[in-house]
Amino acid sequence: MPDQSASPEERVQSQQAQKMVHEALQKLSPELREAVILRDLQDMDYKEIAVVLRIPEGTVKSRINRGRTELARLLQRNYRQVN
Amino acid sequence: MQDQTKSGMQCAEFEALLAEALDATLPGTTMAAFEAHQKECEACAAMYVQAATGMHWLKGLEDIEPPKHLVHNILAQTIGSVPEAGTQTLPVSASWLEKLKARAASVFAPVMTPRFAMSFGMAFFSITMLANVAGVHANDLRHLDLSARGLQKTYYSTEARVVRYYENIRLVYEIESRVRDLRRAATPEKQEENTPKSPSKKTGSQEQEHKYQNYSRDVTQPVLASFPVVDEQETPQARLNRRTA
């Protein structure tokens with residue numbers, strides 16, 4: 001739910017930022033995307049993700065790290081293009 | 001990434017601990033070594049910042065309510081069957097028939113799929129076609145008596161039928177054989193005249209071999225042909241008289 005205490009301008013900015021994050025997520029490879037979504041959006045622990053994806057726990061951590069890093073790079077690139 | 005050892009920790013080790021460090025779940029000594037390596041290694045520090053930024057953005061996303069029928073649609077498109085919501089939690093006041101239906105539905109859920117129905121239909125079609133080719137009909141099966149007494153009766157009647165058939169065949173053979181003997185006894189000279197004279201030069205072994213080779217033409221051999229035997233010596237006038245008689 002959007003924060004009702006925020007000003008309209010802040011709400012619009014938040015919506016735009018979320019849209020950018022969603023677009024950046026779509027650009028990630030499926031392996032990295034599913035790992036970061038399960039971890040950061042679904043709040044699953046590493047063992048659960050390893051069971052769900054049927055990969056070792058170390059691979060789960062590696063994919064999460066690479067997914068977050070790649071996402072940050074994409075967002076920074078978009079931010080530079082916008083400004 | 002360069003695999004350098006700084007502050008007692010390699011870059012690969014730093015990367016492996018990065019996720020837990022961002023979750024703040026590393027033990028004290030390991031966290032201290034991690035931070036020390038981060039301060040000394042620029043590449044690892046940059047990676048830490050980017051991973052932290054990505055996590056921050058992801059955590060800042062609002063929770064999206066999944067569509068109402070998301071699970072239903074996923075199950076329908078993957079396994080083809082959808083467990084009904086009512087079958088999972090039935091009210092206590094449900095009748096025993098509904099409970100039975102719910103239990104049966106949960107048990108047969110993997111079977112009640114279009115793919116299984118297709119396979120079952122093809123198998124039924126194949127069996128029906130084979131039964132038709134083999135001459136087995138449903139009406140015959142309906143009158144089949146599978147009791148012990150019925151099976152015994154069927155066995156004895158079949159056995160009697162086989163014995164009767166064998167006896168009939170034997171009688172026919174015997175009659176044919178007698179008729180042939182009588183005919184040969186009635187016309188012995190004609191047969192001798194018709195048979196070409198064998199050369200007298202043949203030895204005994206050659207004659208025996210000839211006999212074995214033509215054993216199928218032996219007159220004592222039973223003949224199953226059903227054509228009427230026509231006397232070759234019968235004249236056209238005699239044949240006409242026989243027909244008009």
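**Briefing: a predicted two-chain model**

In chain B, α1(B) is followed by B:Ala24, whose phi is positive, near 60 degrees. The model is predicted, and its scores are ipTM 0.82 and pTM 0.45. Chain A is built from four helices and zero strands, while chain B comes to 12 helices and two strands. Between the chains, 15 residues of chain A are in contact with 15 residues of chain B.

**Confidence**

- Chain A has a mean pLDDT of 86, with 93% of its residues at 70 or more.
- Within chain A, the element with the lowest mean pLDDT is α1(A), at 85. The highest value belongs to helix α3 (residues 46-53) of chain A, at 92.
- Chain B has a mean pLDDT of 76, and 66% of its residues reach 70 or more.
- Confidence in chain B is lowest in helix α5 (residues 85-88), where the mean is 50. It is highest in helix α9 (residues 148-186) of chain B, at 93.
- Where pLDDT is low, predicted coordinates should not be read in detail.

**Chain A as a whole**

- The order of elements from the N terminus is α-α-α-α.
- Of the 83 residues in chain A, 30% count as buried.
- Taking contacts in chain A between residues at least 6 apart in sequence, 61% join residues at least 24 apart.

**A:Glu57 in chain A**

- A:Glu57 lies in helix α4 of chain A.
- Leaving aside residues up to four places away in sequence, A:Glu57 touches A:Tyr46, A:Lys47 and A:Ala50.
- A:Lys47 is 10 residues from A:Glu57 along the chain, and the two C-alpha atoms are separated by 6.2 Å.

**Chain B as a whole**

- The elements of chain B, read from the N terminus, run β-β-α-α-α-α-α-α-α-α-α-α-α-α.
- Chain B has 245 residues, and buried residues make up 7% of them.
- Among the contacts in chain B with a separation of 6 or more, 56% are between residues 24 or more positions apart.

- Helix α1 (residues 11-22) of chain B has 12 residues. From its first C-alpha to its last it reaches 16 Å, close to the 16 Å expected at 1.5 Å a residue.
- The buried residues in α1(B) are B:Phe14, B:Leu17, B:Leu18 and B:Ala19.
- The axes of α1(B) and helix α2 (residues 28-40) of chain B come within 11 Å and cross at roughly 115 degrees. This crossing is left-handed.
- On the α1(B) side the contact is made by B:Phe14, B:Leu17 and B:Ala21, and on the α2(B) side by B:Thr30, B:Met31, B:Phe34 and B:His37.
- By class, the contact of α1(B) with α2(B) has five nonpolar residues, two polar ones and no charged ones.
- B:Phe14 and B:Leu17 are therefore both buried and part of the contact with α2(B), given that a buried residue has 20 or more other C-beta atoms within 10 Å.

**Helix α7 of chain B**

- Helix α7 (residues 114-134) of chain B has 21 residues, which should span 30 Å at 1.5 Å a residue. Its end C-alpha atoms are 30 Å apart, so the two values agree.
- α7(B) is hardly covered, since the count of buried residues in it is zero.
- Just after α7(B), B:Gly135 takes a positive phi of about 85 degrees.

**Where the chains meet**

- The contact joins 15 residues of chain A with 15 residues of chain B. On the chain A side, the elements that give two or more residues are α1 (8-27), α2 (30-41) and α4 (57-82).
- α4(A) gives the most to this side, with 10 residues.
- The chain A side divides into seven nonpolar, four polar and four charged residues.
- The axes of α2(A) and helix α3 (residues 42-59) of chain B come within 9 Å and cross at roughly 65 degrees. The crossing is right-handed.
- A:Val36, A:Asp40 and A:Leu41 in α2(A) meet B:Met55, B:Leu58 and B:Lys59 in α3(B).
- By class, the contact of α2(A) with α3(B) has four nonpolar residues, no polar ones and two charged ones.

Note on methods:
Residues are numbered from 1 along each chain as its sequence is written. Chains are lettered from A and ligands numbered from 1 in the order in which they are written. This is a predicted model: local features need pLDDT of at least 70, side-chain atom pairs count only at pLDDT 80 or more; totals for chains, interfaces and linings use all residues. Two residues are in contact if their C-beta atoms, placed from the backbone, lie within 7 Å. Ala, Val, Leu, Ile, Met, Phe, Trp, Tyr, Cys and Pro count as nonpolar, Asp, Glu, Lys and Arg as charged, and the others, Gly among them, as polar. pLDDT is the predictor's confidence in each residue, from 0 to 100. Axes are lines fitted to C-alpha atoms, for helices over the stretch in contact, and angles run from 0 to 180 degrees between N-to-C directions. A crossing is left-handed if the near helix is turned anticlockwise from the far one by less than a right angle, and right-handed if clockwise. The expected span of a helix is 1.5 Å times one less than its number of residues. A residue is buried if 20 or more other C-beta atoms lie within 10 Å of its own, exposed if 12 or fewer, and partly exposed in between; C-beta atoms are placed from the backbone.
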